[in-house]
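This report describes a protein model through its helices, their packing and selected residues. The sequence and structure are shown first.

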Amino acid sequence: MKYNTTRDKLTMPEYGRNIQQMVEYMRTIEDPVKRQKNARAIIELMGILNPHLKNVEDFRHKLWDHLYLIADFDLDVESPYPTPTKEKLFRKPDPLPYPRSQQKKQRHLGKNLAAVIDKALHETDEEKRRGFTQSIAYYMKLAYANWHKEPVHDDMIKEELSEITNGELNYTATGIKVKFDNRNNNNGNGGHKKNLSANKNRNQNNNNRNNNNNNRNNSNNNNNRNNNNKNRNKGGRPNI
């Protein structure tokens, strides 16, 4: 019995040992026509054993590359595709340069905000520039709240924005605060008036209920007195 630990290492285990043995036998065939025929048969068998490769674009090209890889690139057959080499298949990709278009102080705010800041700096209309500044400051508040989970002061946003833009964009907190405060005041006044009216109606209803209860109690007391007087006149016991 042969154990796998004593056998040659599989170059591509997903194809199994039988495919590797077929490739090794094909390399020993001296007749080029017969060797070419065996190579095509092995390619068809490799495609059957790995049907998921059919979903890959140009999967036959990949199968031929795998055939050369199993044969350790020592294979004398005619491939319909360019013959791969070990240097080409195992070449390390070129390193991707890290984007350094942003300054270090802006990275935590993201690339999109940096683009908006750049657009605001090139804006000539003062009103639009002011609107850009308010939107940028509002986004900076959201970013700060997402990372720190605590409220941020307007002075901190103003200082950081001024530092990023070298003092060209000045954030004024009144633009957002005034709108927010006015809205709250309006809602607050309206709500306060509604609460006063509701409380007044509620108190009036309570007074009416109390008056009705008092009238009912007085009526019951009068009836009891009348009954007691009748009982006394008859010599009976008064009602308690």
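N50 is located in the loop that lies between helix 2 and helix 3, where helices are DSSP runs of H or I with at least four residues, strands are runs of E with at least two, and both are numbered from the N terminus. N50 counts as buried because its relative accessibility is 6%; buried means under 20% relative accessible area, exposed means over 50%, and partly exposed lies in between, with a 1.4 Å probe and protein chains only. Leaving aside neighbours within four places in sequence, N50 is in contact with E14 and Y15, a contact being heavy atoms within 4.5 Å.

Y15, under the same exclusion of neighbours within four places in sequence, is in contact with M46, L49, N50, L53, L63, H66 and I70.

## Basis of the model

The model is predicted: local features need pLDDT of at least 70 and side-chain atom pairs count only at pLDDT 80 or more, whereas totals for chains, interfaces and linings use all residues. Residues are numbered from 1 along each chain as its sequence is written, and side-chain values use heavy atoms, with hydrogens and water left out.

## Overall composition

The protein has eight helices and zero strands, and its pattern along the sequence reads α-α-α-α-α-α-α-α. Of the 240 residues in the protein, 24% are buried. Where contacts join residues at least 6 apart in sequence, 41% of them link residues at least 24 apart.

The accessible surface of the protein amounts to about 18,900 Å², and carbon and sulfur atoms account for 48% of this surface. Accessible areas come from the Shrake-Rupley method with a 1.4 Å probe, and for residues only the protein chains shown count as cover.

## Packing of helix 2 and helix 3

Helix 2 (residues 32-49) packs against helix 3 (residues 59-70) at an angle of about 115°, and the two axes are 10 Å apart. Axes are lines fitted to C-alpha atoms, for helices over the stretch in contact, and angles run from 0 to 180 degrees between N-to-C directions. Helix 2 and helix 3 cross in a right-handed manner; a crossing is right-handed if the near helix is turned clockwise from the far one by less than a right angle, and left-handed if anticlockwise.

On the side of helix 2, the contact involves Q36, A39, I42, I43, E44, M46 and G47, which meet R60, L63, W64, H66, L67 and I70 in helix 3. By class, the residues of this contact comprise eight nonpolar, three polar and two charged. Here Ala, Val, Leu, Ile, Met, Phe, Trp, Tyr, Cys and Pro count as nonpolar, Asp, Glu, Lys and Arg as charged, and the others, Gly among them, as polar.

## Nonpolar cores

In soluble globular proteins, nonpolar side chains tend to be buried together. The largest nonpolar core has 20 residues, of which Y15, V23, M46 and L67 touch the most other members; such a core is a set of buried Ala, Val, Leu, Ile, Met, Phe, Trp, Tyr and Cys residues joined through side-chain atoms within 4.5 Å. Helix 1 (16-27), helix 2 and helix 3 each contribute at least two residues to this core. Helix 3 supplies the most, with six residues.

Apart from this core lies another, of 15 residues, among them A137, M140, A143 and L161.

## Packing of helix 6 and helix 7

Helix 6 (residues 126-148) and helix 7 (residues 154-164) pack with their axes 10 Å apart and at an angle of about 115°. The crossing of helix 6 and helix 7 is right-handed. T133, I136, A137, M140, K141 and Y144 in helix 6 meet D154, M156, I157, E160 and L161 in helix 7. This contact has seven nonpolar residues, one polar and three charged.

A137, in helix 6, is buried because its relative accessible area is 0%. Not counting residues up to four places away in sequence, A137 touches I157 and Y171. The C-alpha atoms of A137 and D154 are separated by 8.7 Å, although the two residues are 17 apart along the chain. M156, in helix 7, counts as partly exposed because its relative accessibility is 35%. M156 and K141 are 15 residues apart in sequence and 9.6 Å apart in space, C-alpha to C-alpha.

## Positive phi angles in loops

D72 is not a glycine, yet has a positive phi of about 60°; D72 is found in the loop between helix 3 and helix 4 (86-89). N166, also not a glycine, has a positive phi of about 55° and is placed in the loop between helix 7 and helix 8 (174-234). N166 counts as exposed because its relative accessibility is 66%.
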